[in-house]
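Here is a short report on the fold below. It takes the sheets, a helix and the core in turn.

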Amino acid sequence: MLEKTFTEKTFTLEILYHIGTYENSIHFIFDHASKTCAIVDPAWNADLFIQKITDKGYTLTDIWITHWHNDHINAVDEIAEKTGAKITVGVNETRYLRLRHAVTTVDDNDTVTLGDTKATIINTPGHTAGGICYLLDGHLIAGDSLFVYGAGHCAMPGADASVLFHSMQKFKQIADEILLHCGHDYGSQITTTMADQKSGNPFLMIDNEDDFVRYRNHIHDGSRTYPMQPVSQQALDALL
Ligand SMILES: [Fe+2]
């Protein structure tokens, strides 16, 4: 199992990669002062995650969901059952999300708090109707809205490539030095800065909505292979 750790002033971000059938990345935020933990999109192995948090001497208090797809939430109910953790999800995602436990909803620009650590909610619909990202000090946890040199598909209920285009314009506003963390490790690098994405991720390099929709729905899947590499503007323009 691949693991990465980033230590910041108020929190440590730990990531487990390639978890479960769809190889999800599972993000843990450990708040130093309160010794509490938030887990983002827990799926596939509730006991492994709870044990990891307990072993560090932390208490799991929060489950932060980016979007409703099963490979991101299939351990949420079990973890909520076993820990009593509070579940947070985007307000526009609730009609798609099927959980036994109650959820708290958040909207664009809201802040969620874990001890001394704060995350700003960014609504990034398109891959799903109510998908959100969590922006922490220095780190963006993006779920499947943005991948390293890629972006989420628009093939399931609630998805809309036109809407995703507008979310991409929001990603372009995020500071260059912020590190991007995704729901799956699909890229040629496991972690990059937003600056790397702005200059090499085709979904951030198309300025016209119609071209973007065509690219997302008809051109992209047949023109790229995993792991996703950066593209040049010239190569991208030739495809459009
Ligand atoms: Fe997804």
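What order do the strands take in the open sheet of 6 strands? The order is 8-9-10-11-14-15, and the pairing is mixed. Strand 8 (111–114) and strand 15 (192–193) are the edge strands, each pairing on one side only. Strand 8 runs antiparallel to strand 9 (residues 117–123), joined by 4 bridges. Across that pair, Thr 113 stands opposite Lys 118 in strand 9. All of this comes from a predicted model.

**Overall shape**

The protein chain has 7 helices and 15 strands. Its radius of gyration is 17 Å, close to the 18 Å that the globule rule gives for 240 residues, so the chain is as compact as a globular protein of that length. Along the principal axes, the C-alpha atoms fill a box of roughly 55 × 35 × 35 Å. Buried residues account for 45% of the 240 residues. Take the contacts between residues at least 6 apart in sequence: 58% of them join residues at least 24 apart.

Another open sheet has 7 strands in the order 1-2-3-4-5-6-7, with mixed pairing. Strand 1 (2–7) and strand 7 each have a single partner strand, so one side of each is left without a neighbour in the sheet. On average, neighbouring strands here are turned by 25° against each other, direction ignored. Helix 3 packs on this sheet and touches strand 5 and strand 6. The direction of helix 3 makes about 150° with that of strand 5.

| Strand pair | Sense | Bridges | A facing pair of residues |
|---|---|---|---|
| Strand 4 and strand 5 | parallel | 5 bridges | Ala 38 and Asp 62 |
| Strand 5 and strand 6 | parallel | 3 bridges | Trp 64 and Thr 88 |
| Strand 6 and strand 7 | parallel | 3 bridges | Gly 90 and Val 106 |

Strand 5 covers residues 59–64, and strand 7 covers residues 104–106. Strand 6 (residues 86–90) is mostly covered, with 4 of its 5 residues buried.

**Helix 1**

Which residues of helix 1 (residues 46–55) are buried? They are Ala 46, Phe 49, Ile 50 and Ile 53. Seen down the helix axis, the buried residues fall within an arc of 95°, so they line one face of helix 1. The face turned away from that buried side carries the exposed residues Asp 47, Gln 51 and Asp 55. The cover over the buried residues includes strand 3 (24–31), strand 4 (36–40), strand 5 and helix 3 (76–83). After helix 1 comes Gly 57, which has a positive phi, near 85°.

**The core**

How many residues are in the largest nonpolar core? There are 63. Those with the most contacts inside this core are Ile 29, Cys 37, Ile 39, Ile 63, Val 76, Ile 79 and Tyr 134. Helix 4 (residues 161–171) gives the most to this core, with 5 residues.

Leaving aside neighbours within four places in sequence, Cys 37 is in contact with Phe 28, Ile 29, Phe 30, Ile 53, Tyr 58, Thr 59, Leu 60 and Thr 61. One of these partners, Ile 53, is also a buried residue of helix 1. Another partner, Ile 29, is among the residues with the most contacts inside the core.

Technical notes: Residues numbered from 1 in each chain as written. Predicted model: local features only at pLDDT ≥ 70, side-chain atom pairs only at ≥ 80, totals over all residues. Pairing = 2+ DSSP bridges. Helix = DSSP H or I, 4+ residues; strand = E, 2+ residues; numbered from the N terminus. Buried ≥ 20, exposed ≤ 12 C-beta atoms within 10 Å, placed from the backbone. Core = buried A, V, L, I, M, F, W, Y, C linked by C-beta atoms within 7 Å. Contact = placed C-beta atoms within 7 Å. Rg over C-alpha atoms; globule rule 2.2 N^0.38 Å. Arc of directions from axis to C-beta. Axes fitted to C-alpha atoms, helices over the stretch in contact; angles between N-to-C directions.
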